[in-house]
Amino acid sequence: MNHLVRAPFAVLLVMASASAQAPFSATYDGDRQVKLEGPVTRIDWVNPRAYLFIDVRDPSGAIINWAVEFGNPLDLDRDGWKPSALGIGDVVVVEGIPTRGQARQVLAKSVVLTRTGKRLFAPSVTHRASAPPDPAPRWPDGQVRLGPPPGKKGYWGAASFKALVENTGATIAIDDDGLLLNLSDADRVAPFLPWAKALYLYRQRRRLQDDPIARCVPPGGPRQFLTPHGFQFVEQRELGRILVLLGGGDRNWRIIYTDKRPLAQAAETVLSYYGTSVGHWETDTLVVDSVGFNERFWLAPGGLPHTEALHLTERFSRPDLNTLTYQVTVDDPRTYTRPWKGGWTVQWVPDEEIQEYFCEDSAESTFVR
Amino acid sequence: MPRRAYHLIGSLGWVIAILSLLAQEGHPLTGTWAGDWGPTITQRTHLTLVMNWDGKNISGTINPGPDAIPLASVYLDVTNWTVRIEADTKDPSGKAVHIAAEGRLEDLSSYHRRIEGTWHQGTAQGDFRITRD
């Protein structure tokens, strides 16, 4: 596995940024902080981001209405928070990160109700504690199950890393959006061809503001396993296929055919975000080959480019009930000088089901002034 | 404003929104580009360029169709996103005409990214501007 060092500000923002559609760095200025106090005028408990609005008196005495982004409703609900935790007229103190532009908008690090001193909407520390590491569940014939054990619920949740980089053992400082702290590390991210490196750096310098996922474009390629709301495998063995249901990315789905069909990419194939996938089992590892990708998405957060020549080989294994190991080989000779590998592990979320999540393009633009 | 005009503006907005949603995020030159070149604002000649990156070279065609001109070379300088295009054709009398254009990629992250620069065709020269379709 790679040694990724996450940026400190990313760690501070677990509460809200994990669910944001647009990369944090593109919207918010992590070098600044503000403290606001005022009465709540409105609460928007909507996907993908919940907002509250407060009236804040500025030094001149004028009342300014601020929008406060404070998390994703699904995560908040999972942590036990409801919209009723706060009422219109309640006075709150908000500490957070302001936007880069002139918008009166802040990403909350903390929201405190002044009349009780209680901190609201903080993430739960214990709620997602790992279940005991039971062995991986298996089908009657002994093959590993990628879904829940029989009669139980669960899905795959958070990945151990939020970025895809080449598995070389190098230490790369990178935040959860895939933004490098040192652009000189670009050569260690992947073996780029010159044009691809230049494009990657261009996207990095623009702080990922052009990220297609901010426009609700499906997270194709490895990125589908890095979306905030997890994924689920539905193994339809009698039909020779495995469905991958995504919690994020507009609840997209993907089919991995396991009926031994060849991986032939016909010239007339309609290129797609998830490509055409065929899989087979090698002992306890599902090996999936995919081709036929369009060029309308970034391979992973951070702006990794690819072309229609992309061929992915993914390897999924489940060493125990709670752990999915994901390794991917990226082979795109029009973008990279050679095939390269990356990957991460994913944590099982027991006894829960993926909740409804859908992407809304620039939802905040309807009310942020 | 008449209702039909509102509908037209609304429809154009949707088209722009959908196209921006479907931006091509691969090699910046791959795709079909349309625009014109000419010595003045009023003297313009339509241009359609189709370019494709195969991993080693960028190939393509000027004005696909009966009078198509294959691109002899396309060079992209990624340090400043400038593009140099060369091609050879013939004028109506059969005389060889060399085309050399040099421009800069603008608005790189947009679906409707542009190339703007200078266009030389035989003894004529002017500016050109093409936008990715």
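## Interface between the chains

About 1,600 Å² of area is buried between chain B and chain A, and carbon and sulfur atoms give 57% of this area. The model is predicted. To the contact, chain A contributes 22 residues and chain B contributes 16 residues.

## Polar and charged interactions

Between chain B and chain A there are 2 salt bridges. In a salt bridge between side chains, A:R215 meets B:E25 at 3.3 Å, taken from N to O. The residue pairs in polar contact between chain B and chain A number 6, with both residues of each pair at pLDDT 80 or more. On the side of chain B that touches chain A, the residues comprise 8 nonpolar, 6 polar and 2 charged.

## Cavities

At a volume of 30 Å³ or more, 2 cavities are counted. The largest cavity has a volume of about 50 Å³. Its lining draws on both chains: A:L199 and A:R203 come from chain A, while B:Q24, B:E25, B:G26, B:P28, B:L108, B:S109 and B:R113 come from chain B. By class, the lining of the largest cavity consists of 3 nonpolar, 3 polar and 3 charged residues.

## Domains of chain A

The domain assignment divides chain A into domain 1, covering 3-124, and domain 2, covering 154-350. The C-alpha centres of domain 1 and domain 2 of chain A are 31 Å apart.

Technical notes:
Residues numbered from 1 in each chain as written. Chains lettered and ligands numbered in written order. Predicted model: local features only at pLDDT ≥ 70, side-chain atom pairs only at ≥ 80, totals over all residues. Heavy atoms only, no water. Contact = heavy atoms within 4.5 Å. Buried area = accessible area lost by both parts, 1.4 Å probe. Salt bridge = Lys/Arg side-chain N within 4 Å of Asp/Glu carboxyl O. Polar contact = N/O pair within 3.5 Å; in protein donor to acceptor, adjacent residues only side chain to side chain. Nonpolar A, V, L, I, M, F, W, Y, C, P; charged D, E, K, R; others polar. 1 Å grid on protein atoms, 1.4 Å probe; cavity = no way out; pocket = protein on both sides within 12 Å on 5 of 7 lines; lining within 4 Å. Points joined across faces, edges and corners; volume = space filled by probe spheres on them. Domains from an automatic or database assignment.
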